Amino acid sequence: MVMAISSLGVGSGVLTSDLVDQLVAAERKPTDVRLTQETQKTEALLSAYGKLRSAVTELRLPMRQLSAPDNLKAFSATSSNEDIAVSVDSTKANRGTYNVNVTSLAQAQALASNAVFADRDATSVGQGTLTLSVGDKTTNITVDGSNDTLQGLANAINESDAGVSAGVIDTGNGFQLVLSADETGTANAVSISVTGDNGGTDTDNLGLSRFAFNSGMDAGAGLTETIAAADAVMEINGVPVTRSTNNFENVIDGLTFDIQATGESTVKVEQDFGAVADRVQGFVDKFNALQSTIDSLAGFNAEAGVGSLLTGDSTVRGIQNQLRGILTRVVPGLESASVRSLADVGITTNFETGGLEFDRAKFEEQLKAYPDDVTALFAEQGRTTDSQVEFVRSGLDTVPGTYDINVTQAATQGLLAGNAAVAANTTTPLSITAANDELTFQVDGETSASITLTQGDYTSPQAFVDELQAQLNANNALSAADVSVQVGLDVGGKLTFTSSTYGSNSNVSVTSAEDGSAYGLAVATGTAGSDVAGTIGGRTAEGDGQVLFLGNGNGEASGLQVRVLGDQTGSRGSINFIEGVGERTVNLVTNFVGSDGAIESRTESLNRDLEQIEKSRARLDERIASYRERLVAQFSAADSLISQLNSTRDYVTQQLAALAPQNNQKN
């Protein structure tokens, strides 16, 4: 092709490759300009919708915060003593003043060997087995020829994950082993026993028994306690509270104390209206930023008569109209309330700019006067007529309205009862010895809790109940699972164990018991609890413990969940579900920017337009290539013809010139 173009014009001197290029460029230009303009416009629209999506999405976070009822009540806590720090969880806290007196700090136990060794890496310490007990954890450590040195023993302890850290110190007169519990508190105190000591007996303080320890050992035997394990203790309004660490959580709902030193403090918890107002201000700022973005993308300059890229765009108008509809309406369910709309709490629309204006003082005043109504204005809320029925949550399809609640079966707790009455009195006490002091329970089918009763004589059934309760309350496994067991006596004097949870998964069983005949316990499975059953809005609901709920496809109340307390069956009143501005806005924004939303649909349409433009460019390239080939073929044919005509002309001219002398001679 290149050679054909480069040879053009040889015959004519006119039909050159430059002329072909000019004709091809002239043919391409109108379509190329149109496609370029369409590409630029489409890309500009995509960019505009991207900015719109970003601004709309930014509105979701502050409204999601305001859609949570707990975020509409904020509390701040102050402490008069910086060594007694306090933090607050507004979802649980309430106003109050507390006098705090910290009398002791938690400490981790520390031990040191009495024996001093000449060398840390060569001197034998003895062989056998060390058994370390820390809290509920027991760890066996074998000492043999591979680690029979002071440093080897320390390394073995550190690698065992026994809850104890070991080290070797150089005293200047030899080497000693030091141990410290990893966790503070008396519950994490360490005891060490020895078996199989090859340096003597297991208790003669020779060989490996030099590292034995328990609180009853004679001074100078085994290890020495250099720092005693201690719990942190503080009094709150005169009530003593003990923890194994210096961090006190949930002593008072929503408050956490972090103590650094002993001393006294006055702690005040007050409602922080300003913090809630800050969250509302964040929403107002994001809405005004969205409005500013819309103005820049879809505004119209009336004086100049010039619009913007998205002026008149139906998607933008739809977003604006739907948002304004939510933000200016009276919230359904609040028609008779003291606070019904955003305007009632100082959030009004500036009709010149379309943005929102926020009267912070009015908002704080209304929040203080009508906290429940302000909460319902922003967040979802369920107002029940029965004080023992609590709103839990709604579903995506729950429609605001009032729904009747009827209970056909109340939720119950799992229960285990003993097989005989507890016999204990001052004359014949209940004796707990090493033969009957261990019990293991399984709670709610998942958590195993082993307890060891304090040995001694119990002179009343209640005293024994108190001991069982104390041991179960202190059990780490139950605490970690966030479950508890309540111990009591039935009318016949038999022990009862009741799970703190409700429903069909709630139960208490005894999985192992030493001789429990003296107090009426043996291996046994308790009676499981029952889930609540009933209807919501006339629809049969499901039960999970005390929570009664409707799944999807159950009409306007779909997704509604309530917690039913107490054991009353029959009508339990009604619940008025209110969907506030925050929740409604979050759902609306999600619809806008979701995979099936208006912005996404418009974006996909524009991307398809770009694909079509690229296809049009490809077709243009094909057409222009064909056009060029056609021109070259036509020009080549014409050039060849002209070349032939020129040759003929030259031949005729030559012949005529050759005849000219002859004609002259004849004349």
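Mentor: Helices (H or I, at least four residues) and strands (E, at least two) are DSSP runs, numbered from the N terminus. The model is predicted, so local features need pLDDT of at least 70 and side-chain atom pairs pLDDT 80 or more, while totals for chains, interfaces and linings use all residues. Residues are numbered from 1 along each chain, and side-chain values use heavy atoms, without hydrogens or water.

The helix to follow is α5, which spans residues 273-298. One of its partners is α6, residues 314-328. The axes (lines fitted to C-alpha atoms over the stretch in contact, angles 0 to 180 degrees between N-to-C directions) of α5 and α6 come within 11 Å and cross at roughly 155 degrees. The two helices are therefore roughly antiparallel (over 145 degrees; under 35 is roughly parallel, 65 to 115 roughly perpendicular, the rest oblique). On the α5 side, the contact (heavy atoms within 4.5 Å) is made by F283, F287, L290, Q291, I294 and A298. From α6 come V316, Q320, L323, R324 and L327. By class, this contact of α5 with α6 has eight nonpolar, two polar and one charged residues (Ala, Val, Leu, Ile, Met, Phe, Trp, Tyr, Cys and Pro are nonpolar; Asp, Glu, Lys and Arg charged; the others, Gly among them, polar).

The structure holds one cavity of 30 Å³ or more (on a 1 Å grid over the protein atoms alone, points where a 1.4 Å probe fits but cannot get out; a pocket is an open set with protein on both sides within 12 Å along at least five of seven lines; lining residues have an atom within 4 Å of a point). About 50 Å³ of space lies in the largest cavity, a volume being the space filled by probe spheres on grid points joined across faces, edges and corners. Its lining consists of F287, L290, Q291, I294, I319, Q320, L323 and R324. The elements that give two or more residues to this lining are α5 and α6. Five of the lining residues are nonpolar, two polar and one charged.

Helix α7, residues 360-369, is another partner of α5: their axes come within 10 Å and cross at roughly 125 degrees. That makes α5 oblique to α7. F273, G274, V276, A277, D278, V280 and Q281 of α5 make the contact with R360, F363, E364, L367 and K368 of α7. This contact divides into six nonpolar, two polar and four charged residues.

Helix α8 (371-378) and strands β20 (381-384) and β21 (389-393) each supply at least two lining residues. By class, the lining of the largest pocket has six nonpolar, five polar and six charged residues.

The second largest pocket holds about 330 Å³ of space. Of its 13 lining residues, A187, N188, R243, S244 and N476 are the closest to the centre. Strand β12 (239-243) and helix α10 (476-481) each supply at least two, and the largest share, three residues, comes from α10. Here the lining divides into two nonpolar, eight polar and three charged residues.

Last, the backbone. Most residues other than glycine have a negative phi. N250, not a glycine, has a positive phi of about 60 degrees and sits in strand β13, residues 247-252. D444, also not a glycine, has a positive phi of about 60 degrees; D444 lies in the loop between β25 (438-443) and β26 (447-452).
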